[in-house]
Amino acid sequence: MDRIRIVGGNELNGEIPISGAKNAALPLMIASLLTDEPLVLNNVPRLADVKQLERILENHGVDIAVHGRRLTDDDEAGQQMTFTAQTIVDTCAPYELVSTMRASFWVIGPLLAREHEARVSLPGGCAIGTRPVDFFISGLKQLGAEIDIDEGYVVARAPKGGLIGGTVNLPKVSVGATHTIMMAATLARGTTVIENAAMEPEITNVAECLVAMGAKITGIGTRTLTIEGVDRLHGATVDVIPDRIETGTFAMASAMAGGNVLLRGGRVEHLQSALDILGQAGVDIAQEEGGIRVQRNGNGLQAVDVDIDPFPGFPTDLQAQYMALMTRSTGVANIRETIFENRFMHVAELARFGADIRVEGQVATVTGVPELRGAQVMATDLRASVSLVIAGLAATGETMVNRIYHLDRGFERLEEKLRRCGAEIERVPG
Ligand code: EPZ
């Protein structure tokens, strides 16, 4: 298995191009199931999760084309891909395909809306919590679906004539349930209202894509989405937004290593809360025409407490990276995780660098230390893995990050982007 080797201590200086957002690309690809016409997506990142979803969609009968030349490692532009679900040949999403990636469960919404039936394996994904699907089930039932669990599969059937609009009040903000119910409601008869909807930028990207496909959605970017069902959707061409989590990750990496980096394409409005916290910690952040500039020239980092919250709050997908950063701060930072119950698995690995972190319930208390020392480490999920890379950039000596397949699920050319800015980092084939 490949590993990543880092020799810490170098500043980062230069530009890092931000790729298309994984968590927008995946649901946008799934939206292609709603129409028999082509959906063209620009700026799709080259990631293992995108590949895996391609396999799942192909199993349902979606024809997938990648345009232009196959890009080489030096290319920065994302892929342009066309997804055409002219005929759905199979409404079952089998265990073998779904179990490795939770987002693949979301196909249940479009399949049910268009084909009036779906049989989808209960999902897998990162080991960050139990991550149940009860909101999906109760939400789709509100649209008239009948749902059973059969041998590890969720079996859903729409009433004769299709789903019927209804009111869905999500007990807790859920990105996946919002995507799924919103997609399902586009083809339902009548009006659906989703209350306590997620308002992450990825939800807005998908909602605007659905509108471009002919859906009638209002309240986009708010906690209440109203969807008036239409008979059919058509094709469209849509850009995947820049990845705000990748942007935030490189902002933390730059803050950790010191130096001056332009995160090209990054959007401040997608990341305001995290950038505000970095500012309080002593990092200089500026919006420029081409992106976000992050600088830390010789100043120390101050410890700043953070509560993780749904958008527009500080994202859970940046919690591990921020914790890595705080290990080198002056003072004590309390980080409260409120979204997932088991998202502190990087704590034990950060301790291998000599970090001082205590966990009590949902709060991790990080006391800054004057030095991190390189170590052999391994992580069990995507964002935790990259937090170890961030720690390695500031650690003395050599760090070896093992089991990096998680990184390849969600970061495009990570080591190359960092190396170009001066980091000593390489992939060691294993
Ligand atoms: C999305 O996951 C993201 N994944 C996650 O990113 C992200 O961490 C998460 O949203 C929160 O922002 C994608 O977009 C592909 P949720 P999702 O439903 O939709 C509970 C990454 O690293 N819940 O918003 O699965 C759930 O357990 C990934 O890129 C229920 O209880 O997250 C959690 O506590 C990891 N029942 C909370 O809601 C349900 O039926 C929010 O989860 C659904 C969710």
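Here is a friendly tour of the cores, the helix pairs, the backbone features and some contacts across the sequence.

Please keep in mind that this is a predicted model. Its largest nonpolar core has 79 residues, and apart from that core lies another one, of 70 residues. Two helix pairs, H8 with H12 and H4 with H6, are each roughly parallel.

**Nonpolar cores**

- Within the core of 79 residues, those with the most contacts inside it are Leu57, Val107, Leu163, Met182 and Leu210.
- Helix H1, which covers residues 22-31, gives the most to this core, with 7 residues.

**Covered helices**

- Helix H1 is mostly covered, as 9 of its 10 residues are buried.
- The buried residues of H1 are Lys22, Ala24, Ala25, Leu26, Pro27, Leu28, Met29, Ile30 and Ala31.
- In helix H9 (residues 272-280), the buried residues include Ser273, Ala274, Leu275, Ile277 and Leu278.
- What do the buried residues of H9 pack against? Their partners are H8, strand E16 (284-288), strand E17 (291-296), E18 and H10.
- After H9 comes Gly282, with a positive phi near 105 degrees.

**Helix H8 with helix H12**

- The axes of H8 (residues 244-257) and H12 (residues 382-394) come within 9 Å and cross at roughly 20 degrees.
- Angles under 35 degrees count as roughly parallel, and H8 and H12 are therefore roughly parallel to each other.
- Their crossing is right-handed.
- On the H8 side, the contact is made by Ile245, Thr249, Met252, Ala253 and Met256; on the H12 side, by Arg383, Val386, Ile390, Ala391, Leu393 and Ala394.
- Sorted by class, the contact of H8 with H12 has 9 nonpolar, 1 polar and 1 charged residues.

**Helix H4 with helix H6**

- H4 (residues 108-115) and H6 (residues 175-186) pack at an angle of about 15 degrees, and their axes are 7 Å apart.
- That angle makes H4 roughly parallel to H6.
- H4 passes H6 in a right-handed crossing.
- Ile108, Gly109, Pro110 and Ala113 in H4 meet Thr180, Met183 and Ala184 in H6.
- By class, this contact has 5 nonpolar, 2 polar and no charged residues.

**Backbone features to check**

- Phe311 and Pro312 are joined by a cis peptide bond, with omega about 10 degrees.
- Pro312 lies in the loop between strand E18 (306-307) and helix H10 (319-326).
- Asn43 is not a glycine, yet has a positive phi of about 70 degrees. Asn43 is placed in strand E3 (residues 39-44).
- Is Asn43 buried or partly exposed? Asn43 counts as partly exposed because its relative accessibility is 25%.
- Arg413 is not a glycine either, and has a positive phi of about 50 degrees. Arg413 is found in the loop between helix H13 (405-410) and helix H14 (414-420).
- At 14% relative accessibility, Arg413 counts as buried, since buried means under 20%.

**Contacts across the sequence**

- Glu11 is found in the loop between strand E1 (3-7) and strand E2 (12-17), and counts as partly exposed at 43% relative accessibility.
- How far apart are Glu11 and Leu393 in sequence and in space? They are 382 residues apart in sequence and 8.5 Å apart in space, C-alpha to C-alpha.
- Leaving aside neighbours within four places in sequence, Glu11 is in contact with Ala257, Gly258, Gly259, Cys421 and Gly422.
- Asn13 has its place in strand E2 and is partly exposed, with a relative accessible area of 37%.
- Asn13 and Phe250 are 237 residues apart in sequence and 12 Å apart in space, C-alpha to C-alpha.
- With neighbours within four places in sequence left aside, Asn13 is in contact with Gly259, Asn260, Val261, Arg420 and Cys421.

Note on methods:
Residues are numbered from 1 along each chain as its sequence is written. This is a predicted model: local features need pLDDT of at least 70, side-chain atom pairs count only at pLDDT 80 or more; totals for chains, interfaces and linings use all residues. Side-chain values use heavy atoms; hydrogens and water are left out. A nonpolar core is a set of buried Ala, Val, Leu, Ile, Met, Phe, Trp, Tyr and Cys residues joined through side-chain atoms within 4.5 Å. Buried means under 20% relative accessible area, exposed over 50%, partly exposed in between (1.4 Å probe, protein chains only). Helices (H or I, at least four residues) and strands (E, at least two) are DSSP runs, numbered from the N terminus. Axes are lines fitted to C-alpha atoms, for helices over the stretch in contact, and angles run from 0 to 180 degrees between N-to-C directions. Angles under 35 degrees count as roughly parallel, over 145 as roughly antiparallel, 65 to 115 as roughly perpendicular and the rest as oblique. A crossing is left-handed if the near helix is turned anticlockwise from the far one by less than a right angle, and right-handed if clockwise. Contact means heavy atoms within 4.5 Å. Ala, Val, Leu, Ile, Met, Phe, Trp, Tyr, Cys and Pro count as nonpolar, Asp, Glu, Lys and Arg as charged, and the others, Gly among them, as polar.
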